[in-house]
Amino acid sequence: MKASTDDCAHAILEVAPAIMRTIRTEMRRHRTSDLSVPQFRTLAFIDNHAGPSLSDVAGHIGLTLPSMSKIVDGLVARKLITREIALTDRRRITLALTSRGQTLLTAAREATKACLAEMLQSLPPTDRTLVIDAMETLRPIFLHQHADTAAR
């Protein structure tokens, strides 16, 4: 049986939200207790986007610029991120993770990956291979779409 594009879209819409909920829950569970969810999401956004501005992060997190500025101030004070003058536009300030911020985020990701691996343990090896193949097939479609959306 050949699957239609609607069948593929339906399968993704049905399962992807549950997968993302699990990932978000585990990432938050493995953050340090002194880091709020908005602070943690800020670190993750900065890690996934090269040199974002305060406005970029605020738009993603859904906060006003003054509220986002307060969060960024706290993360800078804790030496988890830095503010840097953009190389291409000296009027623009960009944000970057410090090695300490990267270490904190990496620890949460590794713990989340271990949790996901445990959940997938019950799948037979052939099904795990199918999952990997499906993710590799979807990667260029959705990474390309994400890059296009971010550029707008």
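This is a predicted model: local features need pLDDT of at least 70, side-chain atom pairs count only at pLDDT 80 or more; totals for chains, interfaces and linings use all residues.
Quick definition before we start: Ala, Val, Leu, Ile, Met, Phe, Trp, Tyr, Cys and Pro count as nonpolar here, Asp, Glu, Lys and Arg as charged, and the others, Gly among them, as polar.

Let's take helix 1. Helix 1 covers residues 5-29, so 25 residues by the DSSP runs. From first C-alpha to last, helix 1 reaches 35 Å. That is close to the 36 Å expected at 1.5 Å a residue. Where does helix 1 kink? At Val15, by about 30°.

Now the largest pocket. Its space is about 2,100 Å³. Which residues lie nearest its centre? Ala16, Ile19, Met20, Ile23 and Met135. In total, 39 residues line this pocket. Helix 1, helix 2 (37-48), helix 5 (99-120) and helix 6 (125-151) each give two or more residues to the lining. Helix 1 provides the largest share, with 13 residues. What is the lining made of? By the definition I opened with, 24 of its residues are nonpolar, eight are polar and seven are charged.

Next, the largest nonpolar core. This core holds 21 residues. Leu43 and Ile81 touch the most other members. Two or more residues come from each of helix 2, helix 3 (54-61), helix 4 (65-77), strand 2 (93-97) and helix 5. Which element gives the most? Helix 2, with five residues. As background, nonpolar side chains in soluble globular proteins tend to be buried together.

One last link between the two parts.

Key:
Residues are numbered from 1 along each chain as its sequence is written. Side-chain values use heavy atoms; hydrogens and water are left out. Helices (H or I, at least four residues) and strands (E, at least two) are DSSP runs, numbered from the N terminus. The expected span of a helix is 1.5 Å times one less than its number of residues. The bend at a residue is the angle between axes fitted to the seven residues ending there and the seven starting there. On a 1 Å grid over the protein atoms alone, a cavity is a set of points where a 1.4 Å probe fits but cannot get out, and a pocket is an open set with protein on both sides within 12 Å along at least five of seven lines; lining residues have an atom within 4 Å of a point. Grid points are joined across faces, edges and corners, and a volume is the space filled by probe spheres set on the points. A nonpolar core is a set of buried Ala, Val, Leu, Ile, Met, Phe, Trp, Tyr and Cys residues joined through side-chain atoms within 4.5 Å. Buried means under 20% relative accessible area, exposed over 50%, partly exposed in between (1.4 Å probe, protein chains only).
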